[in-house]
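This briefing goes with the sequence and structure shown below. It covers a sheet, a helix pair and aromatic rings.

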Amino acid sequence: MATLLTVTVGTVQAADTLSPVAHPVLWPAVKARPSRNPAIEARIERLLAAMSVEDKVGQLIQVDIGSITPADVRTWKIGSVLNGGNSGPYGDDFAPPAKWLQLADEYYDASMTRSDGRPKIPIIWGTDAVHGNNNIVGATLFPHNIGLGAARDPGLIREIGAATALETAAAGLDWTFAPTLAVVQDDRWGRTYESYSEEPEIPASYAGAMIEGVQGKVGTKDFLSPRHVIATTKHFLGDGGTGGRDQGDTRVSEEVLRDVHLGGYPAALEAGTQSVMASFSSWNGEKMSGNKSLLTGVLKQRMHFDGFVVGDWNSHGQVAGCTNESCAQAINAGLDMFMYSGPDWKQLYTNTLDQVKAGQIPMTRLDDAVRRILRVKLRAGLFERGRPSSRAMAGKFDLIGSPAHRALARRAVRESMVLLKNEGVLPLKPRANILVAGEGADSISQQSGGWSITWQGADVPNSAFPHGESIWTGISAAVRAAGGTATLAPDGRYAQNPDAAIVVFGEQPYAEFKGDRPNLEFNPDDKADLALLRKLKAAGIPVVAVFLSGRPLWVNAELNASDAFVAAFLPGTEGAGVADLLFRRPDGTAAYDFKGRLSFSWPRRPDQYVLNRRDPGYDPLFPIGYGLSYARPGHVPALDENRPAGMASGTPTRFFGRGRLPDGWSWWTAAPGAIGARLDASGAGGTPSIAVSAVDRRAQEDSRRFAWSGGAEARIESPRPLDLTRETNGEISLVFEYRLDAVPAGPLSIAMGTTEKRVPIPVGKALSSGAAGDWQTLAIPLQCFARRGLDMGRVTVPFALASAGRVTISVSDIRLDYVSTPMSRCGDE
C-alpha cells in the first residue's frame, strides 16, 4: 500500500504557497499496477518502429462521434472516439443498444482498414458511464456518487463497478470515464453529486474497489477480461477545490492539494487504473492540462503511472497560449490524448503533426504518449478480440438492465439514503391510505439527475428508462401488495384524508455549468414545495419528505414542515428502493433500516457552502457521519428559517423568469443610439417606440409583452460584468421563450455585450418560423456571439431584442441552458 509521506514542508513550500509548481519528492511514492509485461513491451516497440509519424499523431487524438464518421477514421487513423453527453449513435440520443454496437463495429472496421503495410491499430471508444452505462436506454442507473458515499460500503462499490462494466461491454464499448474522485470542498459546484465525500478518506476507501469492479482485479485472469472495460480516474487534480465554480481555480498550498485532493488516487493507481483524466480546472492559476509538474513529475514519475492521461472536453484549449486546435504545450506537459469536440479536429491533427515535425513536440515525447496508449490497448486485448460485436459480452443486451443489476441498484438505494428527521412517523404501515405528492414522485429523470440518457438529464420521459421504476411506482406496488391504497397527486390534492403523505421534491437534473449555484438555498424563487408541505401538515396529515438533490442544501423550512425527512440524493432508476425503507412489513416489523450516513456536512445556513470538518468554526446543522435509523432515533428541534443577508452571489443562469429579474438587474428600452428608459419594478414603462405590459403565461403577470411601433430595442442589464467563458466553451446556449403576437415589419436581432457595444445575431426568420400566437423556444449557442468577436468574459447586457419595425413579442423566460438542438446556424444568414 502507498504511504503518505510525513514531510516538513519548510522553506520550499512556504516560499511557493500559491505556486502552481509541484515538488514530486513531497508526494507519496506509489507502486502503480500492473507490472509491465516484457512481451507486451516488446510488441509496443515493434509497433512503434513500424508506425509513421502520421499514425502516431492520430493515436493522440480522440474525437466526439458527433464530429467524426467511420469514413474519416479510415482516412485519418484517429486513435479514439467518445460519445459526449448528447452524442448518441447516428445523432439519436435514444438509440437502442444495437445501434451503439453497430456504430462501434463501423469505427473498428475503419481503424483496421489499410493496405500500406503499416500496423493496424484498433480504435478505442470512451463513454461517461458514471452511474451505470447511463447514456443507453434501458441501462441500470445506480445512485450517484454522493449517495454511494453515504453507504460506506466498498463491497457494494465493487459490485456496481462490475455491473456497469458488463452493461458497457454489452454495447460494444471499451472504456468508461469513471470513477470521479473529486473531494468537493464547496457544495455550490454543479458536480458535487459526482463526489463520494468532502473527506478524502471516503474516496480513498472506494477508489480501489471501483477500479477493480470496472477492470477486474490485477494479477488475476479477470483483469481486463471481456467482462470488464478500461477505467478512468478523474479529474486529476483538485477539481473539488475550485470555490464552487466549474473549470475554476483551486487556490491552495501544495500540502493541501496533496493531503486533501489526492484522496483516492494512490488506491486507484495500485488497483490498476489504466487512464487518468486531467482536470478542466487550474491549480493556483495554471490549467491542469498544462501542468507538467503534476502530470509528469507527480503522476507519471513519482507515482509510476504507465497508462495514459486523457484531457477533458477541449480542456487543452484553455492552457495558456493554446486553442482547441493547437496545443503542443499540453502534450509536452504530459497529456497523452486530446479529447476534442467540434468540427475542426482535422486542424488539431494537422497542427500537432506540424509541431512534431518542427520539433515543438519532441519525438521522444510523442513516442512516450503513443507507447502509453498502445500499452493500454494491448493490456485490454483489443488487438486480439476483433470487432466489438464478436467479443464475448457484446450483443448480450439482456445484461443491460438485467434483474440482477436492478436488484443491486435497489440495494444501493436502500444503503445510500440518509434519515435526517423522524418524529415517530416512519416506518409507515403499508396497509393504509397513502397520498404521494410532489413533482419528483413519478419522474425517473428527476430522481436520476444529470448524466441520465442525456448530459444534463432534464426532461427525459419515463419511457426512456424501460427497466426503471419511479419512486411513485415503487411506493404504489408496496402499498397495494399489503392491501392498502396509494394515490398519486403531484399537487397534493385529495378527496379523502390520507393516513400519511409522502412528498417527493428537490432539485431538477443538471450537470456541469448549469448546476453551479451562488449559495445553498433550495429554490429561492419558487416555494411551491414548501407550501405543499405546510398545507398537508396544517391539515393534520403526517408528512414524510423525500428530498432529491445532488448536494446538501439549506432546507430548514422544509424540515420544519415535515414529520420525517429523508435525504435520498439521486437514487437512480430503482425507485422501489425508497419504498423499501419507508414501510413496515405487513406483520408490523421494519423490513429494512436506514444505514446511510452523511458523506457531506449539512448546512445550518444557506451561506455555509464551504463546510468541512477540518475548517475553522465548523458549525453544521448535521455533521458528516450523521444519520438516524429506526434503531438509532433522534429528535430535531424547530430550526431557524431566517435567510441571512449578504450571501455570495454567482452568475445567474436564469436572466428572466416568473416575471422577475435577478436582484439588481433591470429592463431597459431604447431607440437606436439612445440611452433609453429603465422599466419600473412591475415591468411597466417603455419608450415612444416600445410599449411594455405584463401578461400571463403560467402564472399571473409572469411574462412581458413588447410592442414596437418603430426601430428600438428591449434589453436586460446586469449591475456587474458576467464571465460566460466557461459556459461558451461548454456549448451552452442563450435560450429565449417567446410568443410572436404580430408579424414583424422589419429585421429582428438578439444581441449580447455591454451598454457600449453589443454583438447582434439576426433572428427574424427563426422567430417567424413557428405559428403566431404559440409559445416557442429559440436557442442561440453562446459560441455564435464569441465567433463574432464578443468578449464573453465581460458581459453586462446578456440579452437585447431589437426590431427595425413594428412587431409585438411576448417574452416568458430567458436563460442559459444546454439544448441538444440549438439554432444550427448563427442567425438568419
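**Sheet**

An open sheet is formed by 3 strands in the order β6-β8-β9, with mixed pairing. This is a predicted model: local features need pLDDT of at least 70, side-chain atom pairs count only at pLDDT 80 or more, and totals for chains, interfaces and linings use all residues. Residues are numbered from 1 along each chain as its sequence is written, and side-chain values use heavy atoms, leaving out hydrogens and water.

- β6 (249-250) and β9 (286-287) are at the edges with a single partner strand each, so one side of each has no neighbour in the sheet.
- Strands are DSSP runs (E, at least two residues), as are helices (H or I, at least four), numbered from the N terminus; two strands pair if DSSP finds at least two bridges between them.
- β6 and β8 (residues 282-283) run parallel and are joined by 2 bridges.
- Thr-250 has Trp-283 in β8 as its bridge partner.

**Helix pair**

- Helix α2 (residues 38-50) and helix α14 (residues 363-379) have axes that come within 10 Å and cross at roughly 130 degrees; axes are lines fitted to C-alpha atoms over the stretch in contact, with angles from 0 to 180 degrees between N-to-C directions.
- The contact (heavy atoms within 4.5 Å) includes Ile-40 and Leu-47 of α2 and Val-370 and Arg-371 of α14.

**Aromatic rings**

- The structure holds 26 aromatic pairs, counted for rings of Phe, Tyr and Trp (its six-membered ring) with centres within 6.5 Å.
- Tyr-107 and Trp-125 have ring centres 5.8 Å apart and planes at 85 degrees, so the pair is edge-to-face (over 60 degrees; under 30 is stacked and the rest tilted).
- Tyr-107 lies in helix α5 (residues 97-111) and Trp-125 in strand β3 (residues 124-127), 18 residues apart.
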